[in-house]
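Dear colleague,

Please read them alongside the coordinates.

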Amino acid sequence: MRKLLNRILIILLLLNLAYSKYPDAVGLNGMVVSSNKYASQIGIDVLQDEGNAIDAAVAVGFALAVVHPSAGNLGGGGFMVIRLSDGTVNTIDFRETAPRKAFANMYLDDSLNIIPGLSWNTALASGVPGTVSGLSLAHRKYGKLAWYDLIKPSIKLAKHGFRLDRTNFIYLNKFFMKFQENNRIFVLCSPNIFLFILFFRKRV
């Protein structure tokens with residue numbers, strides 16, 4: 001029993017080590033929170049350049065499309081809840097919508113049973129994206145800085161590259177490992193080996 005508890009503790013410690021971080025981006029008189037340090041820093045820079053919260057949100061949204069593509073994306077959609085200084089609250093719904101030719105039973109077979117995976121990893125899973133339209137609407141109604149100034153940092157990240165964090169490294173590795181040719185070209189090591197190397201590198 002004790003050995004089992006020790007193994008569980010080691011696994012929990014490894015997971016904590018893999019996903020815990022020190023603060024990546026720090027600013028004063030404002031706060032920007034996102035899943036990636038590059039995106040957060042871009043939001044802070046926008047606030048320091050006298051942009052407002054909507055400007056920062058738009059800039060961070062586009063940055064996440066580059067540095068965290070599994071969640072922040074231009075091909076999807078989302079919601080934005082806005083509360084102004086006078087207490088006014090507004091919500092912008094820019095979730096992606098079904099294509100014009102979509103129909104109710106498109107993921108069912110002739111017996112009306114669900115076809116596994118058809119709504120997830122196929123062309124039929126695609127939706128009409130709303131991200132760019134939604135962020136553009138928010139900027140037009142509430143933004144302060146010029147549109148290009150908000151997307152320029154993301155263009156630079158996409159053009160010149162950036163250092164992958166552990167989460168995206170593992171995610172991309174798992175994605176590439178699904179396909180034999182991608183696996184041969186892109187995969188450096190399995191996610192488990194990567195965590196093992198990372199753990200012992202930090203201990204040395």
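Predicted model: local features only at pLDDT ≥ 70, side-chain atom pairs only at ≥ 80, totals over all residues.

Residues are numbered from 1 along each chain as its sequence is written, and side-chain values use heavy atoms, with hydrogens and water left out.

Helix H3 (residues 53-67) packs against helix H5 (residues 147-160) at an angle of about 20 degrees, with the axes 9 Å apart; axes are lines fitted to C-alpha atoms over the stretch in contact, and angles run from 0 to 180 degrees between N-to-C directions. Helices are DSSP runs (H or I, at least four residues), numbered from the N terminus. H3 and H5 are therefore roughly parallel (under 35 degrees). Their contact (heavy atoms within 4.5 Å) involves residues including Phe62 of H3 and Trp147 of H5.

Helix H2 (residues 37-48) and H3 have axes that come within 8 Å and cross at roughly 155 degrees, which makes H2 roughly antiparallel (over 145 degrees) to H3. Among the residues making that contact are Tyr38 and Ile42 of H2, together with Ala59 and Leu64 of H3.

There is one salt bridge, defined as a side-chain nitrogen of Lys or Arg within 4 Å of a carboxyl oxygen of Asp or Glu. It joins Arg95 to Glu96, with the closest N and O atoms 3.7 Å apart. Arg95 has a relative accessible area of 43%, and Glu96 has a relative accessibility of 30%.

Best regards

Note on methods: Buried < 20%, exposed > 50% of the residue type's maximum accessible area, 1.4 Å probe, protein only. Helix = DSSP H or I, 4+ residues; strand = E, 2+ residues; numbered from the N terminus. Parallel < 35°, antiparallel > 145°, perpendicular 65-115°, else oblique.
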